Amino acid sequence: MPLPTAPVLGILADNLRLRGSVMPLSRKKATGWADGLDLPRGGKTVLYTGHLYQLMPSIAALTSKLERFEDSLLNRAMGIGRAVNRKINLSSLMGREDRKVREVCEERLRNIARLVKAAGVNYGYLYEEELYSGALVYDQGLDSTFAEHAAKVAEVFRRNGVETAITVDPHTTHVLRSIFPGIVSDFTLKVRSYLEVLADSPAVPVRPLDLDVAIHDSCVYARGENLVREPRALLERAGARIREPESHGRKTLCCGGPIESLFPARAKAICARRLDELAAAAHHVVAMCPICLMNLEHGAEGRDLTVRDICEPLAESFCGE
Amino acid sequence: MTAPTMIEQRDELLAFTNNGGCINCGTCTAVCPLPKENVMLPRHILRLMHLGQREELIARADAIFSCLLCRLCEETCPAGVSIPECVRYLRGFMNRHLHHLEKE
């Protein structure tokens, strides 16, 4: 039996309205990744994380818990859970996150920050002022909740005089670049993915990659933003040999991640099919979306397959990290 | 105020999406990555929307929320229909009129 949609979506919407994020993050969890990087506060160009990487450890813990609910009687208690969540932040109690997962996600953000530096761009960071992008509630058709939140996000950019946001994941890139302008009046922010920034820069690798690699294109980047050339150009510039899976580029195949919370069993079946395609192309796989990464890494357990965030080999090559 | 029927909503849908261009060819369903068993796939969803079959769609809310929004159907649609936008529209419809998560 799938999870009951209404209470799960209700909890996400309530959290966004009442607590500013679908799964509220402490200041430490939201900005801790930047400790020690000495990034200037604000500026005309900022690195905008949109909180997706920071949310992944909590989402992973919650998904694991919900997976067990899927066929249990507790499934029916989700409605009560939503009522309680309005008073107490239940998502923080739903599952204990894995510290290692948080460390990996934070290191990925640090890699991206270093790569943007390697591209020769001067940028700042909004620290605790930065807000979640609202991508998940947009996808779920919670349009007025999303519009209300988008206005708050836009106000943060306006108040800080931000003209360009460099984004770190496909979902945040897509909502800021392609959705916000249609629902927020006078939204003129220039939005660029870090992959675009790096690909268009003269950055040269300091350490070549000797690697056959299959790219798992993100559906949102490839079909939503036509971002297909950049990851290939960067990996090739770094010395890697691209081995394309059967479905790639604009015809990429979803990993199942978007329905992992609501329909874990269906998500698993889709992930297994995608992993079969990727494994047939190369032993090393790179992905560029934290949701894809969580799903593919989980699905690849027990397979002879290495799944990495594209920022990791790129940072090794362009930053020597 | 009674909830608007799907027929009324269909006019809104046609105004806000290009669902009216669907020729019901089934290409979307052929490429959809969802398992073919026990899930209502895009061709069926679009057909029910065209016919204004509100109750049929509501009975299959599960299928509407299973969509990955991966856009592979949109990429291959010969009529250029924004199928994921239709699905997002339906989710909004369900959230307002069935789940009561947002104001109608």
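Ala, Val, Leu, Ile, Met, Phe, Trp, Tyr, Cys and Pro count as nonpolar here, Asp, Glu, Lys and Arg as charged, and the others, Gly among them, as polar. With that in hand, let's look inside this predicted model, where local features need pLDDT of at least 70, side-chain atom pairs count only at pLDDT 80 or more, and totals for chains, interfaces and linings use all residues. Residues are numbered from 1 along each chain as its sequence is written, chains are lettered from A and ligands numbered from 1 in the order in which they are written, and side-chain values use heavy atoms, with hydrogens and water left out.

**Cavities**

The structure holds 4 cavities of 30 Å³ or more. A cavity is a set of points, on a 1 Å grid over the protein atoms alone, where a 1.4 Å probe fits but cannot get out, and its lining residues have an atom within 4 Å of a point. Grid points are joined across faces, edges and corners, and the volume is the space filled by probe spheres set on the points. Here are two of them:

| Cavity | Volume | Lining | Classes |
|---|---|---|---|
| Largest | about 140 Å³ | 18 residues | 17 nonpolar, no polar, 1 charged |

In the largest cavity, the lining residues closest to the centre are B:Cys32, B:Pro42, B:Cys67, B:Leu68 and B:Cys73. Helix 3 (42–51), helix 6 (72–76) and helix 7 (83–97) of chain B each give two or more residues to that lining, and helix 7 of chain B has the largest share, with 3 residues. (Helices are DSSP runs of H or I, at least four residues, numbered from the N terminus.)

Helix 2 (27–31) and helix 3 of chain B each supply at least two residues of its lining.

**Where the chains meet**

Counting contact as heavy atoms within 4.5 Å, 32 residues of chain A and 24 residues of chain B take part. Together the chains bury about 2,400 Å², 55% of it on carbon and sulfur atoms; buried area is the accessible area (1.4 Å probe) that two parts lose on being put together, summed over both. On the chain A side, A:Arg223, A:Arg266 and A:Ile270 lose the most area to chain B, together 21% of what that side buries.

**Two helices in chain A**

Helix 13 (residues 264–281) and helix 14 (residues 290–299) of chain A have axes that come within 9 Å and cross at roughly 80 degrees. So helix 13 of chain A is roughly perpendicular to helix 14 of chain A, a label for angles of 65 to 115 degrees. Axes are lines fitted to C-alpha atoms, for helices over the stretch in contact, and angles run from 0 to 180 degrees between N-to-C directions.

Key
1 Å grid on protein atoms, 1.4 Å probe; cavity = no way out; pocket = protein on both sides within 12 Å on 5 of 7 lines; lining within 4 Å. Parallel < 35°, antiparallel > 145°, perpendicular 65-115°, else oblique.
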